[in-house]
Amino acid sequence: MTVIFSKKCELGLQAVLYLSTQPKDTLFSSQDISEELKIPKEFVSKVLQSLTKSGIVGSKKGNSGGFFLQKDPGSIRLIDIVIAIDGLGMFHNCVLGFRNCSVDNPCPVHHKWGKLRNETYSMLSNETLADLRDATISKIKAIKFQDDIIN
């Protein structure tokens with residue numbers, strides 16, 4: 001269940017994290033990424049195409065084409081991916097969707113959400129893809145292991 005990010009953003013984060021664990025300038029098709037992460041190919045293709053506009057992901061067209069990480073993993077923060085896909089609305093809008101929610105006119109969870117929102121923004125702003133490399137590799141291995149057990 002998505003709580004903070006759109007499904008598109010979740011899949012974009014997963015796909016970019018996957019690309020960050022691969023050798024530099026290696027091309028991967030949306031099908032390759034889809035199979036590795038067990039996520040729908042159509043979503044992978046669309047989200048990675050949108051991330052090419054932000055300069056996070058590069059692409060090469062044609063039969064031997066695919067997607068690759070455009071920048072060094074140490075220079076890409078998670079917030080960069082979130083901004084490219086979802087924007088910063090979640091950090092500025094009421095989490096419950098109330099209009100005119102503010103410090104002076106708070107919603108029922110305004111103060112609690114404010115603290116969590118700030119911590120979330122800080123974490124996303126401080127973590128780079130390189131910082132998460134080992135944990136990402138472990139997660140991808142766990143996905144493959146689960147899939148092997150099911151099949």
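Which residue in E2 is the bridge partner of Ser-59?

Modeller: It is Phe-67. A caution before going on: this is a predicted model.

Start with the two strands. E1 covers residues 57–60, and it pairs with E2 in the antiparallel sense. Four bridges join the two strands. The bridge from Ser-59 to Phe-67 belongs to this pairing. E1 and E2 form a hairpin, with five residues between the strands. In that hairpin, Gly-62 takes a positive phi near 110°.

Now turn to the faces of E2. In a regular strand, side chains alternate between the two faces of the sheet. E2 spans residues 66–69, and both of its faces are covered. Gly-66 and Phe-68 are buried on one side. Phe-67 and Leu-69 are buried on the other.

Phe-67 leads on to helix H3. Leu-48 lies in that helix, and Phe-67 is among the residues that Leu-48 touches. Val-57 is another contact of Leu-48. Leaving out residues up to four places away in sequence, Leu-48 also touches Ala-15, Val-16, Leu-19 and Ile-33. Is Leu-48 buried or exposed? Its relative accessibility is 0%, so Leu-48 counts as buried. Lys-112 is another matter: its C-alpha is 34 Å from that of Leu-48, and the two are 64 residues apart in sequence.

H4 runs through residues 78–85, and its buried residues are Leu-78, Ile-79, Ile-81, Val-82 and Ile-85. Why do they line one face of the helix? Seen down the axis of H4, they fall within an arc of 160°, so they share one face. An α-helix has 3.6 residues a turn, so residues three or four places apart point the same way. Just after H4 comes Gly-87, with a positive phi of about 80°.

Next, follow the loop between H4 and H5, where Leu-96 has its place. Leu-96 is partly exposed, with a relative accessible area of 47%. Together with Val-95 and Phe-98, Leu-96 forms a nonpolar patch on the surface. The accessible area of the three together is about 280 Å².

Charged side chains come next. The structure holds two salt bridges. One joins Asp-80 and Arg-77, at 2.9 Å from N to O. Arg-77 counts as partly exposed, at 32% relative accessibility. The other joins Glu-10 and Lys-7, at 3.5 Å from N to O. Both of these residues lie in H1, three residues apart, which is about one turn of the helix. Glu-10 has a relative accessible area of 19% and is buried, since buried means under 20%. Lys-7 is partly exposed, at 47%.

One last stop follows H1. Thr-21 sits in the loop between H1 and helix H2 (30–37). At 9% relative accessibility, Thr-21 counts as buried. Leaving out residues up to four places away in sequence, Thr-21 touches Arg-133, Thr-136, Ile-137 and Ile-140.

Methods. Residues numbered from 1 in each chain as written. Predicted model: local features only at pLDDT ≥ 70, side-chain atom pairs only at ≥ 80, totals over all residues. Heavy atoms only, no water. Buried < 20%, exposed > 50% of the residue type's maximum accessible area, 1.4 Å probe, protein only. Pairing = 2+ DSSP bridges. Arc of directions from axis to C-beta. Contact = heavy atoms within 4.5 Å. Patch = residues over 30% accessible without salt bridge, like charges linked within 9 Å, V, L, I, M, F, W, Y side chains within 5 Å. Areas by Shrake-Rupley, 256 points an atom, 1.4 Å probe, with all protein chains shown as cover. Salt bridge = Lys/Arg side-chain N within 4 Å of Asp/Glu carboxyl O.
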